[in-house]
Amino acid sequence: FAQLAASVLESRGIPVWWYEDLVHTPLVPYAVKSRAAAAGIMITASHNPAQDNGFKLYASNGCQINSPDDVFIAASILHNLEPRIWSLEGGPLRKSILKSTESRYYDAIANQVVFPDDTSKVSFVYTPMHGVGLRYMTGLVKQLGLETSMLVVQQQAQPDPDFPTVRYPNPEENGALDLAMSTAEAADIRLILANDPDADRFAAAENVDGVWHQFTGDQIGVLLAHWLFTVRSPMGKDDVMLTSAVSSQMLSFIGDREGFTVQETLTGFKWLGNAAKDLEKQGKNLHFAYEEALGYMFPSVVHDKDGIAAAMNFLSACRSWGSPWAKLQELYETYGYFVTTNTYWRSPSVMKTQSLFQSLRSREQPFPSLVNHRPVTRWRDLTIGYDSAKENNIPDLPVSDQSQMITCWLSGSDGDHYRFTVRASGTEPKIKSGFWNKYQQSAHKGAVEMLGWLKTEWFNDDQLQIEDKFSGV
């Protein structure tokens, strides 16, 4: 696929900078940015099932394409369906750049990572989940002098499109880190770092007193954000971090307390990356962006999620914290307990998904007054363009009738606060839900209760197959 794409460009007289070997996804937007390319193409199935594949396109700003470019491209495809024969041989317009680009990429991350003077050595187990991440983790730990700290899960070390040791090669899935955990236990190592197969996502787990705690995407996002705030303080209102509409509100609470700005975008790094670029043009200092699906962005490296940069920043922070789990509890004590509980349903078709969301909208107009016996304090529907909390009920975030997304805010008599989002995945046949709530130690119980209600009352359909993601306090 990559060779075909390069051949088509060459046939139109367009020079192609070419990676002659398998690479991780962030290396494409990094090259677009560092070499001022017109566009970037990545062929990847990411963490999806082995039979899937994908064509990811980056614009000249190094961000994933967004509307309306995606609409124009789709229309162009429909007008060019006649089969043609292309040569896979590279010509004079194709130039290999892998080695030189990797070196620059390593430097960009090494220059961004901070190792305070009071750090201590932290050993960890690493798994690339049958993907391409090992090459880049190895390159960076060597450059940073940390190679003796890493133990690799050998059964998952090399790229294998069949993903033989996991059901789904997605670190979010229950059981995905089982082999890494057994490897760590055999070596008496308490920390695990993991990437998905194309290494743009990052996951972590820690063994505390014999119990494995796998961090959620929100927990890692908050830990990384607070670490950057710590090493880059002081921060003011022109210092900005970004998060998505389906992520925890904890980072916003931290920003309010500490004096820096946190802004929300739609889900996906095509929104987070482009929002960061727009804010940078306004003179803002962009430090970090994340969304709960294990995606973390460091703008000085790339304007997209980068699992390798995230791993290096997390590792540097762990060398200061000692225990990331203990640090998380410290943040809860300081800013309040936030819990995220996630799940998703596999839907048989787009039509079925649309029908289910339409049934939610028709239950009560303009929106339900109660959800699970709790008053609805705000209702936002970014499919039809409605937000009960805004002037004229017009949302601040972009609206699209091509995607399904409803967010609901609730309050309770016990003083707890809930927010949950249900949406259709943009890349898979899934309906996803995510809850967050804030109220000390009762937070986890409340989130589980709300999720159970949603399963029973909103998505109790025999055609849906429920598959819980890992979630926790």
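This report describes the nonpolar cores, strand pairings and helix packing of a predicted model.

## Nonpolar cores

The largest nonpolar core holds 87 residues, and among these Tyr-296 and Phe-314 touch the most other members. Helix 10, which spans residues 307-321, gives the most to this core, contributing 10 residues. Apart from it there is a second, separate core of 21 residues, whose members include Phe-357, Trp-379, Leu-410 and Phe-420. As general background, nonpolar side chains in soluble globular proteins tend to be buried together.

## Strand 16 and its partners

Strand 16 covers residues 374-381, and because six of its eight residues are buried, the strand is largely enclosed by the rest of the structure. Strand 16 is joined to strand 15 (residues 370-371) by two bridges, with the two strands running antiparallel, and in this pairing Leu-370 stands opposite Pro-375 of strand 16. The two strands form a hairpin with two residues between them, and Asn-372, in the turn, has a positive phi of about 50°.

Strand 16 also pairs with strand 17 (residues 386-387), again in the antiparallel sense and over two bridges; here Asp-381 has Tyr-386 of strand 17 as its bridge partner. This hairpin has four residues between the strands, and Gly-385 takes a positive phi near 80° in it. A further antiparallel pairing links strand 16 to strand 18 (residues 405-411) through five bridges, and Thr-407 in strand 18 is the bridge partner of Arg-380.

Elsewhere in the model, four strands make up an open sheet with the order 11-10-12-13 and mixed pairing. Its edge strands are strand 11 (261-265) and strand 13 (295-297), each of which pairs on one side only, and the twist from one strand to the next averages 20°.

Helix 7, made up of residues 217-232, lies across strand 10, strand 12 (285-291) and strand 13, and runs at about 165° to strand 12.

## Packing of helix 4 against helix 5

Two packed helices are described by the angle between their axes and the distance between the axes. Helix 4 (residues 98-112) and helix 5 (residues 133-143) pack at an angle of about 55°, and their axes are 10 Å apart. This angle is why helix 4 is classed as oblique to helix 5, and the crossing of the two helices is right-handed.

On the side of helix 4, the contact is made by Leu-98, Glu-102, Tyr-106, Asp-107, Ile-109 and Ala-110, while helix 5 contributes Arg-135, Tyr-136, Gly-139, Leu-140 and Gln-143.

## Thr-456 in helix 13

Thr-456 belongs to helix 13, which comprises residues 443-457. With a relative accessible area of 48%, Thr-456 is partly exposed, since the class of exposed residues begins over 50%. Thr-456 and Val-339 are 117 residues apart along the chain, and their C-alpha atoms are separated by 21 Å.

Terms used: Residues numbered from 1 in each chain as written. Predicted model: local features only at pLDDT ≥ 70, side-chain atom pairs only at ≥ 80, totals over all residues. Heavy atoms only, no water. Core = buried A, V, L, I, M, F, W, Y, C linked by side-chain atoms within 4.5 Å. Buried < 20%, exposed > 50% of the residue type's maximum accessible area, 1.4 Å probe, protein only. Pairing = 2+ DSSP bridges. Axes fitted to C-alpha atoms, helices over the stretch in contact; angles between N-to-C directions. Parallel < 35°, antiparallel > 145°, perpendicular 65-115°, else oblique. Left-handed = near helix turned anticlockwise from the far one by under 90°. Contact = heavy atoms within 4.5 Å.
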